[in-house]
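Subject: Structure handover

Hello,

Here is the structure I promised to pass on. My notes follow below it.

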Amino acid sequence: MLPLNSRMWTLGVCIVFTTGLLHIVTGNDGFQNTLGHLHPENSAEVQTSAVENLVVRVLGKDADLFKVTLDPDLGPKGKDTFNLKKLKDNKVIITGTSGVAVAWGLHYYLTTYCNCHVSWEGSQLNLPKILPDVNETVSSNDRFRYYQNVCTAGYSSAWWKWPQWEKNIDWMALNSINLALAFHGQEAIWQKVYLKMQLKKEEIDQHFSGPAFLPWSRMGNFRGWGGPLSQAWHNHTIQLQHSIVRRMRELGITPVLPAFAGHVPRDFIRVFPEANVTKVVSWNGFEDQYCCPYSLDPTDPLFKTVGREFLKAYTDEFGTNHIYNCDSFNENDPHTGDLDYLSNTGKAIYSGMTGADPDAIWLMQGWLFVHSEYFWTFPRVKAFVTSVPIGKMIILDLQSEQFPQYKRFHSYFGQPFIWCMLHNFGGTLGMFGSAGVINKGVFEARTTNGSTMIGTGLTPEGINQNYVIYEFMNEMSYRKKPVVLDNWFENYAVRRYGQADESIRTSWQELGRELYNYDGKTKIRGHYVITKRPSLNIEPWYWYDLKTFLAVWNSFVHAGNGTMKNELFKHDLVDITRQALQITADFIYADIKAAYTQKNLTQLQIASSHLLDLFDDLEKNLASSKDFLLGSWLEDAKAIAPEGATRDRENYEFNARNQITLWGPRGEIVDYANKQWSGVVADYFKPRWEIYLKELQESIRKQTAVPTAKLKRMIFNQVELPFSYSKKLYPTQPKGDSILIAKELYAKWQRFW
């Protein structure tokens with residue numbers, strides 16, 4: 001007899017024993033009965049029309065070379081499939097099980113057969129005159145390819161309008177993503193629900209944070225910071241969400257909508273004085289004015305009522321595909337670890353969803369199990385996740401490439417999970433990835449005994465960085481075995497640039513072996529000498545060989561003219577030069593520390609001059625590319641405000657500035673989301689070091705200790721806080737020749753290596 005909570009897999013049937021109940025689910029991944037309703041609901045005609053329009057947006061005049069058609073029965077049940085076939089008239093017909101499958105087929109053909117490339121930064125779409133022959137069918141390995149972290153809405157897409165969202169959704173479909181967060185409009189719906197419950201508008205306004213901080217307000221980490229939200233903002237998000245979910249559904253992408261996580265305004269108890277609420281513990285030191293909303297206990301019957309009212313109002317407005325994200329304990333632990341309480345909590349949260357949608361599936365980010373490992377022990381996780389019927393909860397194993405949790409919890413005790421690459425925190429820059437881990441880990445998770453893996457996912461906090469590792473991760477959705485990494489990175493160079501010198505192909509292989517082959521457990525957060533608050537306690541470290549990277553920089557600086565003409569090459573040259581200067585600053589920092597330790601004022605002055613000079617050169621390098629401009633971020637933020645809405649415009653700019661610098665009123669998580677952008681370097685990073693280095697020199701002259709507390713106040717009052725409130729305008733167009741600048745800076749700084 002099998003013990004409780006064990007599972008048998010035979011002939012495509014999953015038999016799951018949970019708390020004495022027998023569940024039998026069928027399908028290729030064992031969850032067809034519980035997840036089979038999460039599929040495209042639009043007709044084949046609607047999806048075909050949507051993907052035809054996508055092809056035109058991507059290829060322009062070359063769109064006529066491709067014909068598309070849908071056949072939902074083409075491949076294995078529950079797995080997207082496409083077929084590519086070359087026709088006699090130099091055209092390719094793409095048949096797919098959904099709009100996503102067809103778009104994915106197009107992208108697969110462009111990259112695999114035509115050496116083309118589509119990325120966040122741009123595209124390389126030089127098609128051959130005679131399209132290559134093809135007759136191939138490809139199926140996904142899993143049911144889902146998931147995209148987005150709840151934080152992405154703050155760090156990357158806070159200021160997007162429809163053109164940016166349309167491009168982003170096209171990218172999703174091209175990369176086979178069929179499950180994605182769609183989180184806009186929450187606060188507008190909550191305002192309606194709370195007003196109906198007799199809360200006052202000013203009480204609601206004190207609860208919602210500003211646009212750049214909404215993800216953390218939604219998860220109960222704080223309240224009100226950067227707010228309030230205007231009615232114009234609510235109208236904007238309602239309209240935008242309609243466009244987002246409409247396009248996703250047209251293409252066959254299933255949007256994941258928000259559900260009630262339990263966090264309510266402080267004044268909720270004015271209306272419901274008997275409510276069982278707990279004041280959330282302060283997050284990252286936020287003071288009472290902004291911290292600690294109330295958490296309505298899931299076991300209180302009112303929880304289900306509020307959850308049902310919100311979800312009904314939200315789905316009445318936007319429709320539903322029956323899957324909802326809810327993260328009740330993101331970096332906020334339950335007030336007790338009692339197993340019965342945790343089990344009842346899970347049941348109550350889920351019942352809040354099913355009260356409005358009997359077909360609801362709960363999708364949960366598994367970050368809580370990484371962040372609070374000490375709290376979420378084996379028995380507690382088991383009690384929590386098995387409180388929901390097996391197959392009715394999907395867990396995002398959020399950082400599988402570094403801290404996989406599915407192993408620790410026996411594939412989440414029978415609940416399906418998605419293997420995710422988190423990779424980025426705060427949208428920071430810095431070349432980094434774990435290709436070797438991904439190249440093995442995905443396959444191991446999928447084939448491990450008793451695995452409940454149902455998909456792969458991308459869950460970065462911020463995008464628009466390190467595109468190579470995201471393209472690599474996306475390919476794990478269909479590859480049947482690990483790739484030869486050297487070959488893959490070489491091919492990536494050719495696809496991205498259209499043509500690539502041998503030295504550039506070799507350089508990408510080296511990057512794949514070094515910077516993009518991290519396999520450690522030390523947390524990578526984008527914090528470096530140039531981006532951290534100045535101190536003498538910074539400890540730079542590297543997992544890659546520095547001389548190898550210097551050779552890569554040299555190869556890019558001296559690439560052939562044919563390769564250098566490509567705009568994506570120029571983007572990468574700026575990024576590699578940025579990385580090189582970032583490392584060079586570490587070397588200079590070592591000289592600064594040594595000079596100060598030896599109380600050698602002359603050497604300290606020389607090293608200080610070098611560092612400040614490097615900041616100027618870093619600014620010049622970044623200013624030469626459209627992708628590294630503070631001005632674009634700020635202007636996008638201000639453009640959300642309606643004409644004449646000065647207060648909104650000013651608040652959005654404040655949100656945009658504060659998030660990437662102080663991140664809070666007092667720098668509660670200062671520099672967490674720092675950006676190596678032109679404008680930030682000149683007016684934020686450099687001035688902090690100018691103040692600090694001047695005081696270091698004074699301490700040697702006066703033979704006094706470094707005034708650490710005084711320096712922190714000076715930097716906060718003279719640089720950090722003023723930057724958040726500044727109205728200075730910054731360019732939105734690049735300045736200078738990226739290639740000439742890189743050559744100049746290589747010649748100038750490589751001697752420090």
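A term to start with: a salt bridge is a side-chain nitrogen of Lys or Arg within 4 Å of a carboxyl oxygen of Asp or Glu. The side chains of Glu 287 and Arg 666 meet in one, at 3.5 Å from N to O.

Two points on the source. The model is predicted, so to speak of local features takes a pLDDT of at least 70 and side-chain atom pairs count only at pLDDT 80 or more, while totals for chains, interfaces and linings use all residues. Residues are numbered from 1 along each chain as its sequence is written, and side-chain values use heavy atoms, with hydrogens and water left out.

**Domains**

The chain is divided into domain 1 (38-139), domain 2 (144-483) and domain 3 (546-752). Those bounds come from an automatic or database domain assignment. The centres of domain 2 and domain 3, taken over C-alpha atoms, are 32 Å apart. Their contact takes 35 residues from domain 2 and 34 residues from domain 3. Contact here means heavy atoms within 4.5 Å.

How much area do domain 2 and domain 3 bury between them? About 2,800 Å², with 63% of it on carbon and sulfur atoms. Buried area is the accessible area (1.4 Å probe) that two parts lose on being put together, summed over both. Trp 159, Leu 429 and Met 431 supply 28% of what domain 2 buries against domain 3, more than any other three residues. Across this interface the rule finds one salt bridge.

**UniProt records**

UniProt, in an unreviewed entry, lists "domain: Alpha-N-acetylglucosaminidase tim-barrel" at residues 145-479. The end C-alpha atoms of that span lie 13 Å apart, and the span is 41% helix and 13% strand. UniProt also lists "domain: Alpha-N-acetylglucosaminidase C-terminal", again in an unreviewed entry, for residues 488-748. There the end C-alpha atoms lie 33 Å apart, with 64% helix and 0% strand. UniProt positions are given in the numbering used here, feature names are shortened, and annotations may be inferred rather than shown by experiment.

Helices (H or I, at least four residues) and strands (E, at least two) are DSSP runs, numbered from the N terminus. Two strands pair if DSSP finds at least two bridges between them. Buried means under 20% relative accessible area, exposed over 50%, and partly exposed in between (1.4 Å probe, protein chains only).

Strand β6 covers residues 92-96. Four of its five residues are buried, so β6 is largely enclosed by the rest of the structure. Strand β4 (residues 66-70) pairs with β6 in the parallel sense over five bridges. Thr 69 has Thr 95 in β6 as its bridge partner.

Strand β5 (residues 81-86) pairs with β6 too, in the antiparallel sense and over five bridges. Leu 84 stands opposite Ile 94 in β6. Lys 86 stands opposite Val 92 in β6. The two strands form a hairpin with five residues between them. In its turn, Asn 90 has a positive phi of about 60°.

β5 is mostly covered, with five of its six residues buried. Five bridges also join β5 to strand β9 (residues 135-139), and the two run antiparallel. Lys 85 stands opposite Asn 135 in β9.

**An open sheet**

Three strands form an open sheet in the order β13-β15-β14, with antiparallel pairing. β13 (263-264) and β14 (277-279) stand at the edges with a single partner strand each, so one side of each is left without a neighbour in the sheet. β13 and strand β15 (residues 294-296) pair over two bridges. His 263 stands opposite Ser 295 in β15.

**Backbone points to look at**

Most residues other than glycine have a negative phi, and most peptide bonds are trans. These spots depart from that.

- Asn 284 has a positive phi of about 55°. Its place is in the loop between β14 and β15. Asn 284 is partly exposed, at 39% relative accessible area.
- His 322 has a positive phi near 75°. Its place is in the loop between α11 (301-318) and β16 (323-325). Is His 322 buried or exposed? At 16% relative accessibility, His 322 counts as buried.
- Gly 227 and Pro 228 are joined by a cis peptide bond, with omega about 0°. Pro 228 lies in the loop between α8 (214-218) and α9 (231-251).

Best wishes
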